[in-house]
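Here is a short briefing on a two-chain model.

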Amino acid sequence: MIIEINSVKKIYRNRCVLNIPSLTLAQPVIYGVVGENGAGKSTFLKLIAGLEPVSQGEISYNGKPLSAETIKQITYVSQSPYLLKRSVYDNIIYPLRLRQVPENEAHTRVEKMMAMLQIESLRDRGAHRLSAGETQKVALARALVFEPEVLLLDEPTANIDSDTIALIERVLKDRKGMMTMHISHNRDQVKRLCDEVLHLSKGELLTTEY
Amino acid sequence: MTYFLDSFKEAISLLTTFDQEVYGIIVLSLFVSFSSTVVATLIGVPSGLALGLNEFRGKAMLTRIIYTMMSLPTVVVGLTVAILLSRRGAFGSLELLYTPAAMVIAQTVLVTPIITGIVFNASKANGEEVKRVCKTLGGNSRDVIWLLVAELKINLLIAVVTGFGRAISEVGAVMIVGGNIKYHTRVMTTYIAMNNGMGNYSKALAMGLVLLLISFIVNTVLYHFGMEASDDH
């Protein structure tokens with residue numbers, strides 16, 4: 001998996017909020033995306049997820065420009081994820097149904113994912129009745145269940161308890177062969193979890209050090 | 001007080017005597033209001049979703065126009081539709097004036113902006129999130145639409161119930177385009193207005209009670225399905 005960013009700019013109302021001349025991300029590792037508030041971190045992830053169009057330049061995935069087809073292998077989880085108004089199980093199985101995975105196989109994968117994130121007891125609960133930590137775990141299970149090649153996480157562990165943070169970090173560490181980009185303000189977490197760091201400031205990529 | 005007591009007895013009698021005219025009026029009222037609500041739903045739901053999810057030039061103005069149309073005076077709609085359907089009007093050749101079809105058209109004009117407006121508000125509030133989730137999980141444009149409908153089903157139900165309420169209770173438009181013709185275009189509201197004009201207050205009130213009862217039953221059924229839908233998480 002290769003994400004190539006060439007002369008990408010994102011401009012909102014005549015203000016350039018992100019400017020990355022050139023960047024290639026080619027390793028299936030965990031990248032920490034750090035920087036102060038307003039540095040352009042969320043915008044950076046949303047552009048890669050195809051959720052927002054670039055104003056200039058191009059982002060390509062495995063040599064092809066981002067399109068409805070190529071972004072099927074890229075997924076994004078926000079700080080306050082939106083869960084569908086249905087049960088936890090139905091939320092997690094949703095992306096597999098979109099991909100028309102046979103029901104038996106989908107069921108097995110969902111059960112496995114729920115066990116991994118320790119949310120089996122929430123199986124039939126309405127997704128709108130969950131705590132912040134539970135919501136985040138369900139959103140992560142839903143994002144991982146279809147085995148994406150690229151996982152984009154926008155501060156997934158903000159406002160949740162330390163046990164849940166440790167569990168999420170463990171799950172992320174255990175996923176091999178997947179590129180993860182993880183926005184965090186927690187310096188210790190970045191050192192603990194991430195293999196490489198992208199440091200953004202005022203919309204510019206400063207270093208890959210932290 | 002006697003009026004209310006008499007009208008209550010009259011309402012019971014209207015329903016229990018199986019009066020052909022009364023049942024004809026009730027059936028026609030339901031047919032016209034259901035038909036217009038169905039047509040308005042088919043137009044209003046996609047329009048509301050499209051308006052809520054897309055940004056385009058003139059959107060603010062279009063939104064204001066729809067909000068204004070949500071409170072269109074029924075007589076103005078009736079008059080406009082009547083002019084268009086009259087012999088010298090643009091659609092005069094269709095010969096629809098003073099027919100149930102004309103009443104359906106007039107009520108559709110009244111109900112469509114209501115459904116569009118409510119769906120627009122709902123999709124504006126949650127639509128972007130739903131669209132984003134669907135996209136990031138691998139859905140295409142068609143999946144986004146289906147997911148939106150599933151996620152907003154309570155709001156859609158509210159829109160339809162509100163639209164139906166507007167249709168079944170309005171009198172001005174159906175009176176003008178239907179003409180309140182006995183056994184042909186007379187509906188509950190025009191029957192009430194006519195009897196009120198003739199001084200038959202107990203008959204008017206009795207039909208009013210029947211109208212309320214029918215609205216209550218329809219809303220109860222729809223509410224029941226709505227609650228079932230929301231209990232599905």
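Buried area is the accessible area (1.4 Å probe) that two parts lose on being put together, summed over both. Between chain B and chain A it is about 1,900 Å², and carbon and sulfur atoms give 55% of that. This is a predicted model: local features need pLDDT of at least 70, side-chain atom pairs count only at pLDDT 80 or more, and totals for chains, interfaces and linings use all residues. Residues are numbered from 1 along each chain as its sequence is written, chains are lettered from A and ligands numbered from 1 in the order in which they are written, and side-chain values use heavy atoms, with hydrogens and water left out.

**Interface between chain B and chain A**

- Chain A puts 26 residues into the contact, and chain B puts in 17. Contact means heavy atoms within 4.5 Å.
- Five residue pairs, both residues at pLDDT 80 or more, are in polar contact between chain B and chain A. A polar contact is a pair of N or O atoms within 3.5 Å; within protein, one must be able to donate a hydrogen and the other to accept it, and residues adjacent in sequence count only if both atoms are side-chain atoms.
- On the side of chain B that touches chain A, helix 5 (100–136) and helix 6 (141–151) of chain B each supply at least two residues. Helices (H or I, at least four residues) and strands (E, at least two) are DSSP runs, numbered from the N terminus.
- Helix 5 of chain B gives the most to that side, with eight residues.
- Zero salt bridges are counted between chain B and chain A. A salt bridge is a side-chain nitrogen of Lys or Arg within 4 Å of a carboxyl oxygen of Asp or Glu.

**Ile3(A)**

- Ile3(A) lies in strand 1 (residues 3–12) of chain A.
- Ile3(A) is buried, at a relative accessible area of 1%. Buried means under 20% relative accessible area, exposed over 50%, partly exposed in between (1.4 Å probe, protein chains only).
- Beyond four places in sequence, Ile3(A) touches residues including Leu23(A), Ile48(A), Tyr61(A) and Met179(A).
- Val88(A) is 85 residues from Ile3(A) in sequence and 32 Å away in space, C-alpha to C-alpha.

**Ser33(B)**

- Ser33(B) sits in helix 2 (residues 20–53) of chain B.
- Ser33(B) is buried, with a relative accessible area of 2%.
- Neighbours within four places aside, Ser33(B) contacts Gln107(B), Phe164(B), Ala167(B) and Ile168(B).

**Cysteines**

- Over all chains, the structure holds zero disulfides. A disulfide is a pair of cysteine sulfur atoms within 2.5 Å.
- Cys16(A) is partly exposed at 36% relative accessible area, whereas Cys134(B) is buried at 0%.
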